[in-house]
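Subject: Structure handover

Hello,

Here is the structure for your files. My notes on it follow below.

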Amino acid sequence: MEHTVTVRELAKRYGAKEVIGGLDLELGPGVTGLLGPNGAGKTTLLRCLATALTPDSGRIDVLGLDPADPAQRTRLRRLIGYLPQNPGLYPHFTAAAMVDYIAILKEITDRRARKSEVRRVLAEVDLEDSARTKVRKLSGGMRQRLGIAQALIGDPGFLIMDEPTVGLDPEQRMRFRTLTSRLGEDRTVLLSTHQTEDIAALCDRVIVFSKGAVLFDGTPPELADGAKGRVWSSDVRPDQGRIFWRTADGRYRVVGERPPGGKPADPTVEDGYLRLLGPDAKAAA
Ligand code: ADP
């Protein structure tokens with residue numbers, strides 16, 4: 001596979017706290033999901049890749065450009081789309097003016113081309129009817145979609161999205177998946193999420209990130225497979241010490257040791273993730 005993004009020995013610390021220590025990573029075209037607990041360093045990694053944060057050491061190559069070099073960094077910023085965790089949208093701008101402003105920052109100087117690009121990205125996220133609405137009057141989900149729209153400006157070759165599905169309702173999430181999987185057909189998309197359903201439905205590849213290091217790197221079915229033989233369905237409430245929850249059919253789903261009366265169940269991506277990070281993983285280590 002051809003690599004569009006290469007990271008070598010990346011390190012980043014805040015004060016004395018090392019968040020990422022010596023990370024190696026390659027990305028190629030397709031949709032890669034970054035999954036991990038809060039504080040794992042996902043946002044820090046995404047910000048380094050988006051050239052919003054300078055790493056302490058290591059090398060990054062994105063689309064053949066080196067963000068450590070000022071001239072290449074400027075070129076690179078035109079080729080990257082970035083949805084930050086809290087996109088700094090200006091409340092008094094209209095939706096269209098907000099996206100137009102980002103297009104200006106990306107140096108789309110031709111007015112007509114810019115106008116048509118603004119219209120295109122707003123339509124991609126179903127916001128064309130709200131183009132003249134002020135940002136402060138948009139709902140949380142609409143603001144999130146506006147954040148996605150600005151990331152799509154200029155048809156970026158590398159799209160970085162930090163928790164893009166936060167605040168989206170199920171229908172919008174479905175639309176987001178359709179849009180993102182289409183984008184991933186011929187470019188590199190990296191997104192972070194807490195939604196294992198997004199990973200299962202959308203991502204070609206999943207990276208589980210914990211304490212600034214890669215804990216798992218493979219396909220979503222491979223992540224699910226890690227919990228094979230460790231997922232059970234039981235009529236009786238298991239004792240403590242296992243991960244379990246009651247499902248809609250009134251049975252208990254258990255990840256870990258077989259509970260009394262437990263029947264094997266098909267593992268999901270969420271089970272695989274819990275298996276990697278939950279108490280079961282700690283017990284096995
Ligand atoms: P994630 O996105 O996986 O939740 P982050 O990259 O946001 O993780 O944060 C990783 C760790 O770095 C956390 O412990 C967080 O508190 C710390 N951190 C993040 N940003 C800063 C900052 N600007 N200053 C100090 N510590 C930070």
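Domain 1 and domain 2 bury about 1200 Å² between them, and 50% of that area is on carbon and sulfur atoms. Of the area that domain 1 buries against domain 2, 38% is supplied by Arg78, Arg175 and Leu179, more than by any other three residues. Please keep in mind that this is a predicted model.

For orientation, the chain is divided into three parts: domain 1 (1-79 + 159-218), domain 2 (86-155) and domain 3 (224-284). My notes cover the pairing of domain 1 with domain 2. Their C-alpha centres lie 22 Å apart, and 17 residues of domain 1 are in contact with 13 residues of domain 2.

The side chains of Glu124 and Arg182 form a salt bridge, with an N to O distance of 2.8 Å. Between domain 1 and domain 2 there are also seven residue pairs in polar contact, counting pairs with both residues at pLDDT 80 or more.

As for secondary structure, α2 (70-77) and α6 (170-183) each supply at least two residues of the side of domain 1 that touches domain 2. The largest share of that side comes from α6, with six residues. Sorted by class, the side of domain 1 that touches domain 2 has seven nonpolar, four polar and six charged residues.

Regards

Technical notes
Residues numbered from 1 in each chain as written. Predicted model: local features only at pLDDT ≥ 70, side-chain atom pairs only at ≥ 80, totals over all residues. Heavy atoms only, no water. Domains from an automatic or database assignment. Contact = heavy atoms within 4.5 Å. Buried area = accessible area lost by both parts, 1.4 Å probe. Salt bridge = Lys/Arg side-chain N within 4 Å of Asp/Glu carboxyl O. Polar contact = N/O pair within 3.5 Å; in protein donor to acceptor, adjacent residues only side chain to side chain. Helix = DSSP H or I, 4+ residues; strand = E, 2+ residues; numbered from the N terminus. Nonpolar A, V, L, I, M, F, W, Y, C, P; charged D, E, K, R; others polar.
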